[in-house]
Amino acid sequence: MPVIPALEWPRRAGSQASVPPPSGSRGHHLLHGRTMRKGPVLPCEGCWATCQKATWPCEVGRPPHGTSLTGARAVCASPALWKLVTHRGMRPQPWAVTEGQVWRNLFCSLLGCHKVRSGEASDSACTGHIQDPASQRLTWNKAPKSVLVIKKMRDASLLQPFKELCTYLMEENNMIVYVEKKVLEDPAIASDESFGAVKKKFCTFREDYDDISNRIDFIICLGGDGTLLYASSLFQGSVPPVMAFHLGSLGFLTPFSFENFQSQVTQVIEGNAAVVLRSRLKVRVVKELREKKTAVHNGLGENGSRPVGLDMDVEKQAMQYQVLNEVVIDRGPSSYLSNVDVYLDGHLITTVQGDGVIVSTPTGSTAYAAAAGASMIHPNVPAIMITPICPHSLSFRPIVVPAGVELKIMLSPEARNTAWVSFDGRKRQEIRHGDSISITTSCYPLPSICVRDPVSDWFESLAQCLHWNVRKKQAHFEEEEEEEEEEEG
């Protein structure tokens with residue numbers, strides 16, 4: 001059985017837990033729907049800060065054109081061989097981020113010095129190094145062969161761009177194109193006879209039914225920011241690079257213009273592109289499965305006797321999510337204030353009393369958190385932001401905590417009502433007493449392809465989408481007025 005290189009977080013002083021590689025239920029790693037036993041961790045060549053290149057040698061079997069993924073299985077010909085951030089059984093992907101190991105730019109600036117632990121080798125420390133974010137480049141070890149195209153639903157204006165893009169990818173680049181099945185069920189596409197020849201070549205899938213995580217080389221999004229969030233939700237493990245075209249409403253996360261898509265897509269396929277690694281949150285929700293109990297009033301049953309079975313054992317159900325923007329805990333339909341306790345590495349730091357609280361990534365800091373009064377953080381900054389929603393306290397301001405901590409949120413014992421939680425606006429569910437939400441930075445970031453570089457693209461989005469610091473400039477004094485003031489002085 002081969003050994004797995006894996007990413008481990010350094011344990012902070014006084015911390016109760018470090019962030020381990022993603023794990024599924026029953027103590028196994030769960031990657032791309034495949035279960036495997038835990039393995040030791042190997043060091044990279046010295047340390048994280050000295051890694052200069054990561055590559056993916058691979059050859060992956062794919063279903064033929066025009067087939068559905070239902071019942072299909074991908075065949076992996078060789079184990080993954082990517083330095084440091086690789087797990088056994090993980091689908092080898094033919095893309096890599098060069099000029100610096102993938103996590104160095106995200107975490108070296110904050111954590112300073114890292115250690116990589118091994119079951120066979122002793123710990124080795126390294127000196128912190130801050131890298132220029134613009135030096136992160138996307139390169140391909142082998143030419144990409146498959147692409148997932150995500151189109152915004154219920155938007156007739158995107159039908160023509162969608163057809164042009166898919167035709168170009170299939171006929172000009174001979175690529176395998178995956179689309180969601182319901183996209184092809186659109187009447188405008190189904191009735192288009194001129195598009196029929198191309199449509200037969202699609203590989204289709206259904207969300208929550210088919211696992212495509214080990215079949216995709218890169219992703220193209222057509223629409224707004226929601227398409228990027230949807231792409232993130234489809235990959236609960238490693239995410240392929242994402243190229244997002246601005247064809248939606250806001251487009252803060254979609255930097256590419258569709259006017260010259262041929263040259264831009266060709267440039268990405270050839271491996272000449274900058275990339276920003278957008279950190280995600282790993283969220284674990286643990287719920288108590290309670291049996292229906294006898295109605296109780298002041299601790300007594302209907303006949304005045306104390307009911308039996310109130311102290312029965314409660315089974316627990318655990319669910320895990322990968323979140324790109326934010327986790328929102330709010331009061332839901334209740335008119336009462338939400339009342340939730342927030343723990344950091346096992347220590348209670350505050351109780352949120354208000355409409356709720358937002359836990360966001362740097363990418364999510366420009367979304368709901370910004371509307372709630374938080375600062376905007378560049379996606380290369382390793383951090384987690386905690387932002388209250390309409391807190392019942394004038395001194396409760398948004399805070400930023402290190403990326404390596406573990407947050408735990410529960411209903412306070414004094415809470416008068418339940419709370420509700422959503423993940424990037426999806427999977428909304430109720431949180432009751434005894435349930436818990438654990439949040440930490442995920443080991444699987446989302447690689448977002450840039451038009452120019454991470455810094456330039458971010459400030460361009462601030463200016464174009466949010467009109468950041470737009471103000472009419474102050475007029476200067478006329479020369480005569482300046483001379484009069486000098487004479488009076």
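Modeller: Strand 22 and strand 25 (residues 436–441) pair in the antiparallel sense, joined by 4 bridges. Strands here are DSSP runs of type E with at least two residues, helices are runs of H or I with at least four residues, and both are numbered from the N terminus. Two strands count as paired if DSSP finds at least two bridges between them. This is a predicted model, in which local features need pLDDT of at least 70 and side-chain atom pairs count only at pLDDT 80 or more, while totals for chains, interfaces and linings use all residues. Residues are numbered from 1 along each chain as its sequence is written, and side-chain values use heavy atoms, with hydrogens and water left out.

Strand 22 itself covers residues 407–411. Leu407, Ile409 and Leu411 make up its covered face, and Lys408 and Met410 its uncovered one. For single residues, buried means under 20% relative accessible area, exposed means over 50%, and partly exposed lies in between (1.4 Å probe, protein chains only).

Arginine 331 forms a salt bridge with aspartate 355, with the closest N and O atoms 2.8 Å apart. Because arginine 331 lies in the loop between strand 17 (326–330) and strand 18, and aspartate 355 in strand 19 (residues 347–360), the pair ties together parts that are 24 residues apart in sequence. A salt bridge means a side-chain nitrogen of Lys or Arg within 4 Å of a carboxyl oxygen of Asp or Glu. Arginine 331 is partly exposed at 26% relative accessibility, and aspartate 355 is partly exposed at 23%. The structure holds 9 salt bridges.

Another element, helix 6 (residues 225–234), is mostly covered, with 8 of its 10 residues buried. Among them are Leu228, Leu229 and Tyr230.

As for the chain, its secondary structure comes to 10 helices and 26 strands. Of its 489 residues, 50% count as buried. Of the contacts (heavy atoms within 4.5 Å) with a separation of 6 or more, 74% are between residues 24 or more positions apart.
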